[in-house]
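Hello,

Here is the structure I promised to pass on. Please open it alongside this message and follow along.

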Amino acid sequence: MAESQPPDILRLPHGSAPVQWRRSSRARRVSLRIDPRSGSVVVTLPLRAGRRAGRALLMDQAEWVARRLAALPAAVPLEAGAFVPLHGIPHRIRHAPHERGGAWAEQGEIIVTGQSAFLARRVTDFLRAEARRSFQALVAQKLAAAGITRSCRITIKDTRSRWGSCAPNGSLAFSWRLVMAPPFVQDYVVAHEVAHLAHMNHGPKFWALVDLLTPHRTRAMAWLKKEGTGLLRVG
Ligand SMILES: [Zn+2]
């Protein structure tokens with residue numbers, strides 16, 4: 001997708017901003033949003049609008065853009081020495097080029113073997129595997145607690161705006177980034193999606209089931225609102 005291209009750096013009155021251009025046949029007007037993953041502004045243009053219209057909106061909204069970019073948590077590149085949370089606990093990435101066995105967590109460290117060129121990829125693979133393992137166990141636990149006997153497919157994704165989702169066919173998806181969040185947050189997100197297997201809406205019965213499945217709803221929602229963007233800044 002376009003987001004993997006290097007962004008344009010645009011000079012705006014309040015500092016320069018990395019900009020990614022999008023074309024959309026569905027867009028009715030030029031719009032801006034901040035992409036926390038890349039730390040850039042995404043400008044979506046309707047088919048008939050040119051970049052000039054995008055630049056005009058950027059100039060108009062320059063202060064908002066600068067404020068939003070400045071408010072992003074610092075990016076955490078996956079490199080030796082960086083700290084990455086695992087189940088809410090900071091882990092230091094240690095490169096062990098001469099050891100074997102991929103990547104694993106041990107006493108506050110994520111130890112990564114192999115060439116440094118593959119280190120980031122190996123950490124991500126490790127976190128994804130850890131996410132799959134954790135969410136599978138949590139889903140099984142919540143299904144049992146909800147008295148739901150069906151089995152369901154679980155996929156691990158890298159979603160930008162949703163931590164979990166439940167498809168009409170009953171398969172559940174979770175962002176691997178949630179494995180970095182504290183356990184109470186994971187508990188809530190899994191409870192939320194499992195509750196959707198019984199109620200495909202956000203009605204009172206749905207929330208009653210969520211609260212039956214987890215005591216952490218309020219605290220977890222507050223955590224995600226405050227800290228969720230930080231999870232998107234890793235890697
Ligand atoms: Zn929901």
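Below is what turned up, starting with the ground rules.

This is a predicted model, in which local features need pLDDT of at least 70, side-chain atom pairs count only at pLDDT 80 or more, and totals for chains, interfaces and linings use all residues. Residues are numbered from 1 along each chain as its sequence is written.

**Domains**

The protein chain is assigned domain 1 (2-71) and domain 2 (83-232); such bounds come from an automatic or database domain assignment. Between the C-alpha centres of domain 1 and domain 2 there are 30 Å.

**The sheet**

Helices (H or I, at least four residues) and strands (E, at least two) are DSSP runs, numbered from the N terminus. Two strands count as paired if DSSP finds at least two bridges between them. On that basis there is an open sheet of 4 strands with mixed pairing, in the order E1-E2-E4-E3. Strand E1 (8-12) and strand E3 (31-35) are at the edges with a single partner strand each, so one side of each has no neighbour in the sheet. From one strand to the next, the twist averages 40 degrees.

E3 pairs with strand E4 (residues 40-46) in the antiparallel sense, over 5 bridges. Across this pair, Ile 34 is opposite Val 41 in E4, and Ser 31 is opposite Thr 44 in E4. The hairpin of E3 and E4 has 4 residues between the strands, and Gly 39 there takes a positive phi near 65 degrees.

**The helix pair**

The axes of helix H4 (residues 183-198) and helix H5 (residues 204-213) come within 9 Å and cross at roughly 135 degrees. That makes H4 oblique to H5. Axes are lines fitted to C-alpha atoms, for helices over the stretch in contact, and angles run from 0 to 180 degrees between N-to-C directions; under 35 degrees is roughly parallel, over 145 roughly antiparallel, 65 to 115 roughly perpendicular, and the rest oblique.

Which residues meet? Ala 191, His 192, Val 194, Ala 195 and Ala 198 in H4 meet Phe 206, Leu 209, Val 210 and Leu 213 in H5, contact being C-beta atoms, placed from the backbone, within 7 Å. The residues of this contact divide into 8 nonpolar, 1 polar and no charged (Ala, Val, Leu, Ile, Met, Phe, Trp, Tyr, Cys and Pro count as nonpolar, Asp, Glu, Lys and Arg as charged, and the others, Gly among them, as polar).

Best wishes

Note on methods: Two residues are in contact if their C-beta atoms, placed from the backbone, lie within 7 Å.
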